[in-house]
Amino acid sequence: MKTILVTGGTGTLGRQVTPLLLAAGHRVRVLSRKPHSSDQIEYLVGDALTNEGIDSAMAGAHTVIHLAGGPKGDDEATANVAKAARRAGVQHFVYISVIGANTLPLGYFKSKFGAEKAVRDSGVPWTILRAAQFHELTLTVLQKMAKLPVVPIPGGVRLQPVDSRDVAARLVELALNEPAGLVPDLAGPRVYELKELTRDYLKASRKHRLMMQIRMPGRAGRAYRSGENLSLDGATIGKVSWDAFLAEQIR
Ligand SMILES: NC(=O)c1ccc[n+]([C@@H]2O[C@H](COP(=O)([O-])OP(=O)(O)OC[C@H]3O[C@@H](n4cnc5c(N)ncnc54)[C@H](OP(=O)(O)O)[C@@H]3O)[C@@H](O)[C@H]2O)c1
C-alpha cells in the first residue's frame, strides 16, 4: 500500500482517478484549495500557486499525481509542487499534460510545456502523459457556443476528444508502475472536424442553430489547421467515443 497524493483530486479528471487508487488498495490524499471531508480520502488544504500547504501535503507520499491546473500558471504551480516533491523524497511524479504542449503557440499550451520542463528538471523520477481534450470540456465549450444565435466554427479545426475515464485509468496504470518519462499520447477513438462535433451536439440536444465558418487568425490558426493539436501516429487510443459520451450526457 502506497500513500499517493493527488493534486486536483476534486476536478473532472481527479474525481475519476481517486476511486481507482482506492480500489487498488492505496492510501489517497487530495490537495484542494477548499476543505473537504471523507472517510476514505485524506483532504488537505493548499494552493499550488502560492505554495501554501504544499510541503505538508507531500509528507510521507510515495507518489504524486499532479492534476491541479487552470487556464493560467500551470508552469509556476507545477514548479512549486515538483520542488516540494523533491524536498519530501517523493519517488514518482506523474503529470498530466496536453497534446500540442510542445507545438501550439497559445498561452495554455506554452504553460503546460513549461510545467513539463519543471517536472523533467525536478530531480524526482517522473512520468508525463499528454492527453487530448476531454469530452467534458468539448461539451462545456459547445454548450456555451450554442447560447449564441449563430455558432461560429473555426474552419479546418479538428479535435480528437477523449473520455476523462480513459485518461484516469491510464494515469493510474502509469502511477502504479515505474517512472516511464514521456509516454505515448492518449487521444480519443476518432478525429472530428469541429463542425461535426457541433452538429452532433446540436442534434443530441435538439437545438437548432445556424453555424457560420470563421477563419482562426494568426499562428495559432495555422497550427490548428495543420493538425498540431492532434496525435495521429503512435497514440494510445481511449475507448469511449464522443458519440457514446454525448448519448450518456444528453437524454
Ligand atoms: N480538460 C481537458 O480537456 C484537459 C486535457 C488535457 C489535459 N488536461 C489537464 O488535466 C488536468 C485536470 O484537468 P480538469 O479538466 O480535471 O480540471 P478541472 O476540472 O478544472 O479541475 C481543476 C483542479 O485543479 C485544482 N486546482 C486548480 N488550481 C489550483 C491551485 N492553485 N492549487 C491547488 N489546486 C488547484 C482544483 O482544485 P480545487 O478547486 O478543489 O482547489 C481542481 O481539482 C489539468 O492539468 C489540465 O491542464 C485537461
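Here is a quick tour of the chain, from its overall build down to a handful of residues. Keep in mind that this is a predicted model. The chain's secondary structure comes to 9 helices and 13 strands. Its radius of gyration is 19 Å, close to the 18 Å that the globule rule gives for 251 residues, so the chain is as compact as a globular protein of that length.

**Overall build**

- Taken along the principal axes, the C-alpha atoms fill a box of roughly 55 × 40 × 35 Å.
- Buried residues make up 41% of the 251 residues in the chain.
- If you look at contacts with a separation of 6 or more, 78% of them are between residues 24 or more positions apart.

**The nonpolar cores**

- The largest nonpolar core has 53 residues, and those with the most contacts inside it are Val17, Val64, Ile65, Ala85, Phe93, Ala131 and Leu171.
- Helix 6 (residues 164-175) gives this core its largest share, 6 residues.
- Leu171 is in contact with Val17, Ile65, Val94, Ile96 and Leu129, once its neighbours within four places in sequence are left aside.
- There is also a second, separate core of 11 residues, and Leu159, Tyr192, Leu197 and Phe245 are among them.

**Helix 7 and what follows it**

- Helix 7 (residues 194-204) has four names on its buried list: Leu194, Leu197, Thr198 and Tyr201.
- Those residues sit on the same side of helix 7, because they cover an arc of only 95° around the axis.
- The cover over them comes from several elements, including helix 5 (135-145), strand 7 (150-154), strand 8 (158-159), strand 11 (192-193), strand 12 (210-214) and helix 9 (242-249).
- Leu197 lies in helix 7 and counts as buried, with 23 C-beta neighbours inside 10 Å.
- Setting aside neighbours within four places in sequence, Leu197 is in contact with Thr138, Leu142, Leu159, Tyr192 and Trp242.
- For a sense of distance, Leu197 and Ala84 are 113 residues apart in sequence and 41 Å apart in space, C-alpha to C-alpha.
- Helix 7 is followed by Arg206, which lies in the loop between helix 7 and strand 12.
- Arg206 has a positive phi, near 50°, in a residue other than glycine.
- Arg206 counts as exposed, with 7 C-beta neighbours inside 10 Å.

**Strand 4: His66**

- His66 lies in strand 4 (residues 63-66).
- His66 is a buried residue, since 26 other C-beta atoms lie within 10 Å and the cut-off for burial is 20 or more.
- Not counting residues up to four places away in sequence, His66 touches Thr7, Thr78, Val81, Phe93, Val94 and Tyr95.
- His66 and Val30 are 36 residues apart along the chain, and their C-alpha atoms are separated by 10 Å.

- Asn51 is in the loop between strand 3 (41-45) and helix 2.
- Though not a glycine, Asn51 has a positive phi of about 80°.
- Asn51 counts as partly exposed, with 16 C-beta neighbours inside 10 Å.
- Further along, Met58 is found in helix 2 (residues 54-58).
- Met58 is buried, with 24 other C-beta atoms within 10 Å.
- Leaving aside neighbours within four places in sequence, Met58 is in contact with Leu5, Ala84, Ala85, Ala88 and Val90.
- Met58 and Arg199 are 45 Å apart in space, C-alpha to C-alpha, and 141 residues apart in sequence.

Conventions. Residues are numbered from 1 along each chain as its sequence is written. This is a predicted model: local features need pLDDT of at least 70, side-chain atom pairs count only at pLDDT 80 or more; totals for chains, interfaces and linings use all residues. A residue is buried if 20 or more other C-beta atoms lie within 10 Å of its own, exposed if 12 or fewer, and partly exposed in between; C-beta atoms are placed from the backbone. Helices (H or I, at least four residues) and strands (E, at least two) are DSSP runs, numbered from the N terminus. The arc is that of the directions from the helix axis to the C-beta atoms. Two residues are in contact if their C-beta atoms, placed from the backbone, lie within 7 Å. The radius of gyration is taken over C-alpha atoms; the globule rule is 2.2 Å times the number of residues to the power 0.38. A nonpolar core is a set of buried Ala, Val, Leu, Ile, Met, Phe, Trp, Tyr and Cys residues joined through C-beta atoms within 7 Å.
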